[in-house]
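Take a look at the structure below. We will walk through a few of its parts in turn.

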Amino acid sequence: MLPKFSCSKKGVTGILCCIVGIVFTKLNYIVQLNPIPRESLYFAGVGIAIAGIAVFSSGLTSRTTEKVLVCPSCLQINNSLASACKKCKLPLGQPGNINHPRT
Amino acid sequence: MEQLINVFPGLLSFSQMPTEMAIARVFLIGLGFLILYLGCKDILEPLIMVPMGVGICMVNAGILMMPDLADPSKQKLGTMFLDSMVNTPTDHINALQVYFLQPIYALTFSNGLIACMVFLGIGAITELDFFIGNPKLSLMLAIPAELGTFLTFPVAIAMGFTPKESAAIAVIGGADGPMVLFASLQLAKNLFVPISIISYIYLSIVYSGYPYIIKLMVPKKIRGIPMKEMTIIKVSSGEKISFSIVAGTVLSLLFPVAAPLFVSFFLGVIIKESKISRFINFADEVILTGSTLFLGFLLGCLLSADIVVNPQMFKLIVLGFVALFLSGIGGLLGGYLACWLSGGKINPLIGIAGVSCVPSTAKVAHKCANAVNEEAFILPYAMGPNIAGVITTAIITAVYVTKVQLL
C-alpha cells in the first residue's frame, strides 16, 4: 500500500505545481510590473508547470520494473520471453539489426 | 524546331521565362529525380522523400502559360497544381476550380491541419512507457538537445530575418517536422515552403549525419558504456491516459495557440491506450499514412524555381544546418552531464536522442553504442528523451508562437 500512497501524493504535488505554474504565467495580466519581471514570471511559470508534469508522471507509476524486449525495428515493447516481435514479427534479441526509420 | 517546341507548352515556357529561372527549373527537375532515387534507395527517409521528389520533378516540368485568375485578360506562367499565394475569398473560389491540389492545400495546409493530423498519427504509434518510466531524466536530456532551437533564433536575427521569421527557422533545431510546419505557418507564411522543405530534407539526413558528430565528440570507450539491459518501468494504460489528459490540459492552458497540436498528439496517445483497434488502425494507417503522403507531395509541388532563386534560400540552408548541428551537440553535452551525475552508469549517447526526430535519433544513438559494444542495448533508454524531445519542442514552439507574435 505504501508505494501507492506515495505515488498519489506525488501526483497531487505535480498537479499543484502545474496550477502554480499556470497562475505564474497569467500573473503578468493581473499585476502591473516592468516588462523584464513580467517575462521572468512567464518563463518561471512555464518551468514550474513543466516540472509539475514531470512530478505528476513520476507519481503515476507504481515503480515496478519488468524485463522486456524492445523491438529495434518498430520499437514495440515485447515480453522478455518472446522470440519474435508481436507487431512486426521480426526476431527479437538481435540488437544490431535495425531497419531504416519509416516514421 | 520552333513549331515542334510550340506543340509542347512545357518546353515553350522555358523561352518565356528569365534565364536564371529556366536554369533553376532544370536544376529542380534534376533535384526531384535525385531525391526520388535516394528515397527509393532508403538513403533518405522514403515516406516523405519519394512523394516530394515526384512533386518537385513534375511541378517544375509542367509549367505553362495560363490565364491570370486576378485578371483573366492577361496570361502568366503557372502550373495546374496549386497556387499558394491566393489571399481573397474570391481568389480561393477561383483557384479551387483550376488547381487540382488546391482543395488539399486550402483545407489542410493553410490552417495547419496537416501538422495536427501527422501529430495525431504519431501519438497513436508512440510508446509513452519510455517517457513516463523516467520523466525527470528524459526531460533533463531533452532540454539541452534544444540548444539549436534557442541559439539559432539570435543568429537568424543577426543574418537579417525578422523575429517572427527567425523563430520559425529556429524551430528546425527541434527536428520535429510537424512543429516546423506549424511554426512557419503561424509566424512566417512567406517562408513556409523553403523552411519546411529544408527542414524535411535535413531531418532525412540526420540519420546519416549525427553518427559523425557522435564519433567526433564521444570517445569509443564511453560510447560503449552498457546500460542495465532491457528493464523498463511498467506503466498501465490507465496511467498513460491520465498523463495524457493532465499534460494536454496543462499545456493547452499554458499555450492556447498551440492547443491544436497538443490535443492531436494526446488524442492519438489516448486512442492507442484505449485499445480501440479500429481507431488505432485509422489513426496510424489512414491519417498518418495519408497525411505523410500529401505532406511530401504538396511540399514538393510548392518548390518552384522562384523559391530557389530567392537569395534568402542560401541563408535558410545554412541556418537549418546550424540549428540541427547545435541541437546534436547540446544533446550530447546533456548526455555527458547525465553520465557524470550517474557516476558513469548512463551512456551519454542517449542525450542525442533528445533531438526529437522520433525515432531516428534514438536509433542512431543505439546503433552507435551497439557498434562499439554489443551489450550496450540503449534503445529503451534513448526513447525516453526522444519522446520528451517531442514535448519540449512543442513547448518551445508554443513559447515562440506566443511571445514572438507580440514583438
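Contact here means heavy atoms within 4.5 Å. Keep that cut-off in mind for what follows. Note also that this is a predicted model.

Start with two helices of chain B. Helix α3 of chain B covers residues 19-40, and helix α4 of chain B covers residues 46-61. They pack at an angle of about 155 degrees. Their axes are 7 Å apart. Angles over 145 degrees count as roughly antiparallel, and α3(B) and α4(B) are therefore roughly antiparallel to each other. The crossing of α3(B) past α4(B) is left-handed. Which residues meet where α3(B) and α4(B) come together? From α3(B) come Arg25(B), Leu28(B), Ile29(B), Gly32(B), Phe33(B), Ile35(B), Leu36(B), Gly39(B) and Cys40(B). From α4(B) come Pro46(B), Met49(B), Val50(B), Gly53(B), Val54(B), Ile56(B), Cys57(B), Asn60(B) and Ala61(B). An α-helix has 3.6 residues a turn, so residues three or four places apart point the same way.

Now move along chain B to Ala142(B). This residue is found in helix α9, residues 135-142. Ala142(B) is buried, with a relative accessible area of 0%. Leaving out residues up to four places away in sequence, Ala142(B) touches Gly354(B), Pro385(B), Ala388(B), Gly389(B) and Thr392(B). Lys215(B) is 73 residues from Ala142(B) in sequence. In space, the two are 20 Å apart, C-alpha to C-alpha.

Next comes helix α11 of chain B, residues 163-170. This helix is mostly covered, with six of its eight residues buried. Those six are Glu165(B), Ser166(B), Ala167(B), Ala168(B), Ile169(B) and Ala170(B). What covers them? The cover includes α10, α12, α13, α19 and α21 of chain B.

Helix α15 of chain B takes in residues 237-254. Its 18 residues reach 25 Å from first C-alpha to last, close to the 26 Å expected. Among its buried residues are Phe243(B), Val246(B), Val250(B), Leu251(B) and Leu254(B).

Leu254(B) leads us to the other chain. Leu254(B) is in contact with Thr25(A), a residue of helix α1 of chain A, residues 2-30. Is Thr25(A) buried or exposed? Thr25(A) is buried, with a relative accessible area of 2%. Leaving aside neighbours within four places in sequence, its contacts also include Leu41(A), Tyr42(A), Gly45(A) and Val46(A). A polar atom of the Thr25(A) side chain lies 2.6 Å from the backbone oxygen of Ile22(A).

How values were computed. Residues are numbered from 1 along each chain as its sequence is written. Chains are lettered from A and ligands numbered from 1 in the order in which they are written. This is a predicted model: local features need pLDDT of at least 70, side-chain atom pairs count only at pLDDT 80 or more; totals for chains, interfaces and linings use all residues. Side-chain values use heavy atoms; hydrogens and water are left out. Helices (H or I, at least four residues) and strands (E, at least two) are DSSP runs, numbered from the N terminus. The expected span of a helix is 1.5 Å times one less than its number of residues. Buried means under 20% relative accessible area, exposed over 50%, partly exposed in between (1.4 Å probe, protein chains only). A polar contact is a pair of N or O atoms within 3.5 Å; within protein, one must be able to donate a hydrogen and the other to accept it, and residues adjacent in sequence count only if both atoms are side-chain atoms. Axes are lines fitted to C-alpha atoms, for helices over the stretch in contact, and angles run from 0 to 180 degrees between N-to-C directions. Angles under 35 degrees count as roughly parallel, over 145 as roughly antiparallel, 65 to 115 as roughly perpendicular and the rest as oblique. A crossing is left-handed if the near helix is turned anticlockwise from the far one by less than a right angle, and right-handed if clockwise.
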